[in-house]
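Dear colleague,

Please find the structure below, handed over for your records. My findings follow it.

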Amino acid sequence: MAGTGDRPEVRLVAHCRRCNGWLVSAESVRAGIGPRCAIREADEQRAATALQPTALTLFDVAA
């Protein structure tokens, strides 16, 4: 039988929005994404932004 000083540890956990893995750190749970997936997601967003052509402005069209 457990002693009176023993209490179960309660942790808030969630799933990563990208890989569906367990998130246990408070920062990851708050962000909804794990640290590895956050790095990969940022890299993919940077690559997608680099591939997009630059937008034309009205000054570019008029020239």
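The secondary structure of the protein chain consists of three helices and two strands, counted as DSSP runs (H or I of at least four residues for helices, E of at least two for strands) and numbered from the N terminus. Their order from the N terminus is β-β-α-α-α. The chain is more spread out than a compact globule, because its radius of gyration is 22 Å, well over the 11 Å that the globule rule gives for 63 residues; the radius is taken over C-alpha atoms, and the rule is 2.2 Å times the number of residues to the power 0.38. Along the principal axes, the C-alpha atoms fill a box of roughly 85 × 20 × 15 Å.

The model is predicted: local features need pLDDT of at least 70 and side-chain atom pairs pLDDT 80 or more, while totals for chains, interfaces and linings use all residues. Residues are numbered from 1 along each chain as its sequence is written, and side-chain values use heavy atoms, with hydrogens and water left out.

Of the 63 residues, 11% count as buried, meaning under 20% relative accessible area (1.4 Å probe, protein chains only). The largest nonpolar core comprises five residues, Cys16, Leu23, Val29, Ile33 and Cys37; such a core is a set of buried Ala, Val, Leu, Ile, Met, Phe, Trp, Tyr and Cys residues joined through side-chain atoms within 4.5 Å. Leaving aside residues up to four places away in sequence, Cys37 touches Cys16, Arg18 and Cys19, a contact being heavy atoms within 4.5 Å. Among contacts between residues at least 6 apart in sequence, 5% join residues at least 24 apart.

Yours sincerely

Conventions. Buried means under 20% relative accessible area, exposed over 50%, partly exposed in between (1.4 Å probe, protein chains only).
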